[in-house]
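Colleague: I would like to go through this model with you, term by term. Please show it first.

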Amino acid sequence: MKNRRPLRLRTAEGELRGSMDDDLFVFKGIPYAAAPVGALRWRAPQPVTPWQEVRDATAFGAACWQNRALCVAAGGGDPGPLSEDCLYLNVWTPDVEPSRPLPVMVWLHGGGFVMGSGGLAPYNGKPMAARGAVVVTVNYRLGHLGFFAHPALDAEYRDGGIVNNFALLDQIAALQWIQRNIPAFGGNRDNVTIFGESSGARSVLSLCCSPLAEGLFHKAIVQSAYSLPDKPRKAALQLGEQVAAHFGLRNATAQQLRELPADAFWPLESPLWHGPVPIAGDAVLPQPVLPTFMAGRQHRIPLMAGSNSDEASVLGYFNVDTATVIRQLRASRPLSYRLLKWLYDIHDDRLLGRAAARDMAFSVMPWLLMRAQHNVGMPGWRYWFDYVSEQSRDLYPHGAWHGNEVPYTLNTLATMQPADSERPYTASDRAFSQRMADYWFAFARDANEFSHRLEGEISWPTWHPGEDLTLSFGEGGEKALLLKRNFMRARLRLFRLMMKSMVKL
């Protein structure tokens, strides 16, 4: 009997004591690398020192330093304890001794690379584990602790191989931990799916392009990845020197930088903020993500990607006024402005700007990724999320906001409290969440490089340029599953040409 098994499990690093959540095994706060503190700040994650006693794994580990209030308001909830010592992961599994190894789903949280935690309520692994997956959520370094370049640190890499994307290396270390240890949790180390939303999706894409991550995972899901270009290393180095000067450290040494308080970085704002993108040009991400995909140099794995119907909702956090952008476009590029009005048939600058910003910053990415997948002969599936909770449709007149799909894809809606207690989630909301999560689980369980479709309520064919099929989860905010042909095709072709000059903060 599963419930009679001891809640003690041995990993390569030592023995863990977990807990039960109904009939699921849960192990929280597992260190997958040594604490990146002191001399290990801004270094590749190092191995954990093995422990001799049984280690308690019943509480989430600390998240990286961040703006707690912002995470509560916009990042999914309270991230819990904060520390530079933050390299922990969590595992939910239905069976530690299954008859056959279970698919593994690894969630990389979003939050602009400055906030978030693998322990937040929307990311609870219980519902997907109940379907039959081993679910892993990961904490990693954020902000300047996760992405940083400075000449004094570069000088430590005398043989080349400079590292600036420490957060991505953390995620790679977590995937290496999975390769070592996931069989002990009942997982199949040869069937690992990584998935994430927003900056988590950008993490997924970066790992798909990183030579250091090849072979550590076998398929990927990209939810609402934005098309902002990765930061060039030259610009990151200039920013690093500006940050050091802000702390009174001109011509700083590596030791002086590492002696700065760990919690001194997260309050920094523009122009000292790094921005929600990795750094292109180091050993982890040698080339930017989009050019790598366009050149067909991404890892050859199945990929699902999509976005939401009102992604422009997030632009307010970056002080982007879409109406102003449209007015500037009308003044500087009148032909482009008239073309946009023709494509959308929207004559209100505010609404036109909202729709165009959504598509240029978000909708174009899945379409480009599908083209890239097709060009290397790998299957891809494109989705569109346009469902709004029944009790909140008056609050979301333009559709599903950035991040709204997360509790539907992870099927965590039933365990979450809505922001407004007078607008509870309905049985219909929860049922739609079940329908959507079925596809995510089916992808993790069944998709492979030879797949032609995902079976489900609607058989979902892989993307091909001739058919250009997109599965829409929701329509006009209401429940529906629809296959759409050539969805947004004309405008996305245009944005493919325009995005290089226009997608920026």
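Colleague: Which residue stands opposite Val 104 in strand 8?

Modeller: Val 134 in strand 8 stands opposite Val 104. This is a predicted model: local features need pLDDT of at least 70, side-chain atom pairs count only at pLDDT 80 or more, and totals for chains, interfaces and linings use all residues. Residues are numbered from 1 along each chain as its sequence is written, and side-chain values use heavy atoms, without hydrogens or water.

Colleague: What makes strand 7 and strand 8 (residues 134-138) a pair?

Modeller: Two strands pair if DSSP finds at least two bridges between them. Strand 7 and strand 8 have 5 bridges, in the parallel sense, so they pass that cut-off. Strands are DSSP runs of E with at least two residues, helices runs of H or I with at least four, both numbered from the N terminus.

Colleague: How is the crossover from strand 7 to strand 8 handed, right or left?

Modeller: This β-α-β crossover is right-handed, and the chain goes through helix 2 (residues 126-131). Right-handed means that, with the strands pointing away from the viewer, the path from the first strand over the helix to the second runs clockwise.

Colleague: With which strand does strand 7 pair over 6 bridges?

Modeller: With strand 9 (residues 187-197), again in the parallel sense. There Val 106 stands opposite Ile 194.

Colleague: Why is strand 7 (residues 102-108) called largely enclosed?

Modeller: Because 7 of its 7 residues are buried. Buried means under 20% relative accessible area, exposed over 50%, partly exposed in between (1.4 Å probe, protein chains only).

Colleague: Why does Asn 181 count as buried?

Modeller: Its relative accessibility is 2%, and the cut-off for buried is under 20%. Asn 181 belongs to helix 5 (residues 166-181). Beyond neighbours within four places in sequence, Asn 181 is in contact (heavy atoms within 4.5 Å) with Thr 11, Ala 12 and Glu 13.

Colleague: How many residues has the largest nonpolar core?

Modeller: It has 115 residues; Tyr 32, Val 106, Phe 185 and Phe 217 have the most contacts inside it. A nonpolar core is a set of buried Ala, Val, Leu, Ile, Met, Phe, Trp, Tyr and Cys residues joined through side-chain atoms within 4.5 Å. Helix 12 (residues 349-375) gives the largest share, 14 residues.
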